[in-house]
Amino acid sequence: SFFRILHPLTAHTRRLALMEALEELRNFVASEDLLHMLASLRALGNCVDWSEPWLFRLMCMHCLLLLLAVFTRTVYYCQLLLLLFVTSLLLSAAKLNRLLQLHWGKLATQPYFDSQGIFVAVVFTVPLTVTAFILLVNLLYSTLVLYAEACSKWTKGPPPVTYNETIRASVVSTRGREKVA
C-alpha cells in the first residue's frame with residue numbers, strides 16, 4: 001500500500017522509533033518548548049502506521065463528530081447532547097488508554113499506548129477537545145442571541161394598544177355583562 005512505501009521500517013525498528021518518539025514528546029511537553037514539541041510530533045507521525053484500520057475508523061469518527069457539530073448548529077438540544085457525548089468520551093480517555101495498553105495486540109500492530117497516554121492524547125483527545133470547543137462556542141453564542149432577544153423585548157415593553165383593540169375589548173366586556181345579568 002501507499003503507506004507501506006512511506007514507512008519502509010521493519011516492525012521492530014518501528015516499535016523502537018515509536019517508543020523514542022513518545023519519550024521525546026513526553027519530555028518536550030514537560031519542558032514546554034514548542035519547536036521541539038512540533039519536531040517530536042512529526043517524529044511520532046512518521047513512526048505510526050497510518051494504514052491501520054482502527055486509526056482510519058478513529059479519524060472517521062472525529063470527522064463525523066465535527067460534521068455533526070457544524071450541521072446541527074441551529075438545533076440547540078442536539079448540540080447539548082453532542083457536547084455531553086464528546087465530554088464523556090474525553091473523560092473516559094484515561095480508562096480507555098489503560099485498557100488499550102493491556103490489550104494493544106488485539107487492535108494494533110505496535111504498542112502505541114504508553115502509561116502516560118501521550119498517543120491517546122494526540123490522536124483521541126485533541127480532536128475531541130477541538131470539537132467540544134466548537135460546540136461550546138456555538139452554544140454560548142446561541143444563549144447570547146436568546147438573551148439579547150429577551151432583553152430587547154423587555155426594554156421595549158408591551159406593544160401599544162390601538163384604538164380598534166380598545167373598542168374590541170370594551171365590546172367583549174359589555175357582552176360578558178349582559179350574559180351574567
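Is Pro111 buried or exposed, by its relative accessibility? Pro111 counts as buried, at 14% relative accessibility, and one of the views below returns to this residue. The model is predicted, with local features needing pLDDT of at least 70, side-chain atom pairs counting only at pLDDT 80 or more, and totals for chains, interfaces and linings using all residues. Residues are numbered from 1 along each chain as its sequence is written, and side-chain values use heavy atoms, with hydrogens and water left out.

**View 1. The whole protein, a run of helices.** Welcome to the overview: the protein has nine helices and zero strands, and its pattern along the sequence reads α-α-α-α-α-α-α-α-α. Helices (H or I, at least four residues) and strands (E, at least two) are DSSP runs, numbered from the N terminus. Of the 181 residues, 26% are buried (buried is under 20% relative accessible area, exposed over 50%, partly exposed in between, with a 1.4 Å probe and protein chains only). The accessible surface comes to about 12,800 Å², and carbon and sulfur atoms hold 71% of it; the areas come from the Shrake-Rupley method with a 1.4 Å probe, and for residues only the protein chains shown count as cover. Among contacts between residues at least 6 apart in sequence, 68% join residues at least 24 apart, where contact means heavy atoms within 4.5 Å.

**View 2. Helix α4 against helix α8.** Two packed helices are described by the angle between their axes and the distance between the axes. Here the axes of α4 (residues 53–71) and α8 come within 9 Å and cross at roughly 10 degrees, which means that α4 is roughly parallel to α8. By class, this contact has 15 nonpolar, two polar and no charged residues. Axes are lines fitted to C-alpha atoms, for helices over the stretch in contact, and angles run from 0 to 180 degrees between N-to-C directions. Angles under 35 degrees count as roughly parallel, over 145 as roughly antiparallel, 65 to 115 as roughly perpendicular and the rest as oblique. Ala, Val, Leu, Ile, Met, Phe, Trp, Tyr, Cys and Pro count as nonpolar, Asp, Glu, Lys and Arg as charged, and the others, Gly among them, as polar. Among the α4 residues that meet α8 are Trp54, Leu55 and Leu58, while the α8 side includes Phe119, Val123 and Phe124.

**View 3. Leu55 in helix α4.** Zoom in on Leu55, which sits in α4 and is buried, with a relative accessible area of 0%. Beyond its neighbours within four places in sequence, Leu55 is in contact with Val48, Asp49, Trp50 and Phe119. Leu55 and Phe124 are 69 residues apart along the chain, and their C-alpha atoms are separated by 9.8 Å.

View 4. Helix α6 (residues 93–102) and helix α8 (residues 118–156) pack at an angle of about 130 degrees, with axes 11 Å apart, so α6 is oblique to α8. Ala93, Leu96 and Asn97 in α6 meet Val120, Phe124 and Thr125 in α8. Asn97 is buried, with a relative accessible area of 5%. Leaving aside neighbours within four places in sequence, Asn97 is in contact with residues including Phe113, Asp114 and Val120.

**View 5. Pro111 in a loop.** Finally, back to Pro111, placed in the loop between α7 (104–107) and α8. Pro111 and Gln101 are 10 residues apart in sequence, and their C-alpha atoms are 7.4 Å apart in space.
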